[in-house]
Amino acid sequence: MRRALPIALEIAVPVALLVVWGVWSAQAQTFYFPPLTDILEQFRDTWLFERVGSDVLPSLARLGAGYALAVLVGVLAGIPLGLSRTARRAASPLVEFLRAIPPPALLPPAIVLIGIGDTMKVLIIAFVCVWPVLLNTIDGITGIDPTLNDTARVYGVRGAGRLRRIVLPAASPQIFAGMRTSLSLAVILMVISEMVASTNGIGFFVLESQRSFAIPEMWSGILLLGILGYVLNLVFVGVERRVLAWHRGARKGA
Amino acid sequence: MLEIGGLAKSYGTVEAIREVSFAISEREFVCVVGPSGCGKTTLLKCIAGLLAPSGGHVELRGERVTGPPEEMALVFQEYSRSLLPWLSVRGNVTLPLRHKKLAKDERARLVEEAVDAVGLTRFIDRYPWELSGGMQQRVAIARALAYQPQILLMDEPFASVDAQTRGDLEDLILEVRERYGVTILFVTHDIDESVYLADRIVVLGPSPTSVKEILPVELPHPRDQVDTKELPEFARLRAHVYRLIKRERAAAAK
């Protein structure tokens, strides 16, 4: 019973909001807020599954590639920066500068330099998503308990073994925190990059719908993006729970 | 086998250890006891090769210690920070053996034997945070034993467990010493503990540290928490060490 109540609430609140939206929009006489039923109908016609191949999959592919690249580069670059104070000092002004650039401002030069293809979009996503992963990897590594480092030294755990068995696992809770921030950034950048010089993708579809006054279509695209972000986060949390099971256990035990 | 000669350690202008010299012979159990904050941990870290002394030397079998030697294992006071929470008991005990050139079954045998020696065979696939504090420290001891050191350094290993567990662990370490024939250097601030365990006691003065007295403990083996502590010799030694440390503290306060 005690578990059932929160779960019931979690389901009831969104349902209630949808009902309120549905009732209100059914009688609202405005062009820009079509009845919810129209949007849902449009959603079914558009996304189940007519445009999955033409728009959803390309969007997801870019998102996946950009995100994966960011995680890889962020962790790989974070390791030497986390381990060496000198490297950290040397890199910090550059990192702070690059990270301070508002991402959409990078689109014009990216288009000029790389073109308008998928490569550009993937790189834009990666460029933005890399910072939270990088900074959290560095923090995670510099924050490793000195006792743990002493333990590694006493027992002669060095080099790659130390990296794989001690440094990365110890930093992993923080790396995951960075990856989670990056995931929501990836969705944002995916949409933004598709709204500029694009021929497909969910972001492109939303903008095109608006330009052609296909308002229910526009809303259906936004609905899809919301659902997508929600599901991605759910998947992420699921993976994190598995990988960091020890972390939750250790914190509960402490 | 271990010789500490004129060891000194300063941090900048702050003198932590003035001059410490003593030697430990093969299979001996030496306790270093001193008032709180007298630089016991610093001393131990210098001996373990984790800290470079500012003067003097540490020699293990005639070879100068400049980094953690392979023949030495260290059990830290903070077991919860020195064990790896992402590894099971087996994983933790195996860790220092991974880079030693050992056949797989030989390695497994060493690990199982060490876990058995500390009485945790039933818990070998559990995680450290699923175990009590005393059991976690047993894991740390097993890890040190599996490493097959010739000398085992222990830094106030039982300072953060309750009195009952402490007695059990003291007996465990005496037992393990018989079984593995290992030399032990044991640092503590607990006078009773030092008298109960040691073959010889090194009494340190307050910071900046130097050796006040080295006294042999001629209590019969095997020792027993009740019988040994009833002996007049135990009481005499305990009182003697107590006065040494107390007098030092009074002198330091002036």
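For the bend at a residue I take the angle between axes fitted to the seven residues ending there and the seven starting there.

**Ground rules**

This is a predicted model, so I note that local features need pLDDT of at least 70, side-chain atom pairs count only at pLDDT 80 or more, and totals for chains, interfaces and linings use all residues. Residues are numbered from 1 along each chain as its sequence is written, and chains are lettered from A and ligands numbered from 1 in the order in which they are written.

**Entry 1: chain A**

I started with the secondary structure of chain A and found 11 helices and 0 strands. Helices (H or I, at least four residues) and strands (E, at least two) are DSSP runs, numbered from the N terminus. Reading along the sequence, I get α-α-α-α-α-α-α-α-α-α-α for chain A.

Next I looked up the dimensions: the C-alpha trace of chain A spans about 75 × 60 × 30 Å along its principal axes. Of the 254 residues in chain A, 33% are buried. Buried here means 20 or more other C-beta atoms within 10 Å of the residue's own, exposed means 12 or fewer, and partly exposed is in between, with C-beta atoms placed from the backbone.

I also checked the contacts in chain A with a separation of 6 or more: residues 24 or more positions apart account for 73% of them. A contact needs the C-beta atoms of two residues, placed from the backbone, to lie within 7 Å.

**Entry 2: helix H4 of chain A**

Where does H4(A) bend? I found a bend of about 45° at A:Ala91, with a proline, A:Pro93, following within four residues.

I then checked the length of H4(A), which covers residues 85–100. The expected span of a helix is 1.5 Å times one less than its number of residues. For the 16 residues of H4(A) that gives 22 Å, and the end C-alpha atoms are 22 Å apart, which agrees.

Over in chain B I traced an open sheet of 10 strands with mixed pairing, in the order E5-E4-E1-E2-E10-E9-E3-E8-E7-E6. Two strands pair if DSSP finds at least two bridges between them. The edge strands are E5 (63–64) and E6 (72–75), each pairing on one side only.

I began at the E5 end. E4(B), residues 55–60, pairs with E5(B) in the antiparallel sense over 2 bridges, and B:Leu60 stands opposite B:Glu63. The two strands form a hairpin with 2 residues between them, and B:Arg61 in the turn has a positive phi of about 50°. E4(B) also pairs with E1(B), residues 2–11, again antiparallel, over 5 bridges. There B:Leu2 has B:Leu60 as its bridge partner.

Then I went to the E6 end. E6(B) and E7(B) run parallel and are joined by 4 bridges, with B:Leu74 opposite B:Leu153.

How many residues of E7(B) are buried? For this strand, residues 151–155, I get 5 of 5. B:Ile151, B:Leu153 and B:Asp155 point one way and B:Leu152 and B:Met154 the other.

**Entry 3: helix H6 of chain B**

E7(B), H6(B) (residues 163–180) and E8(B) make a right-handed β-α-β unit. Right-handed means that, with the strands pointing away from the viewer, the path from the first strand over the helix to the second runs clockwise.

I picked B:Leu172 in H6(B). With 19 other C-beta atoms within 10 Å, B:Leu172 is partly exposed. B:Ala117 is 55 residues from B:Leu172 in sequence, but the two are 8.4 Å apart in space, C-alpha to C-alpha.

**Entry 4: where the chains meet**

I find 21 residues of chain B in contact with 18 residues of chain A. On the chain B side, the elements giving two or more residues are E6 and helix H2 (79–82). That side divides into 14 nonpolar, 2 polar and 5 charged residues. Ala, Val, Leu, Ile, Met, Phe, Trp, Tyr, Cys and Pro count as nonpolar, Asp, Glu, Lys and Arg as charged, and the others, Gly among them, as polar.

Last stop was B:Trp86, in the loop between H2 and H3 (89–94) of chain B. Why does B:Trp86 count as buried? Because 22 other C-beta atoms lie within 10 Å of B:Trp86. Leaving out residues up to four places away in sequence, B:Trp86 touches A:Pro169 and A:Trp246. B:Trp86 and B:Pro128 are 42 residues apart in sequence and 8.7 Å apart in space, C-alpha to C-alpha.
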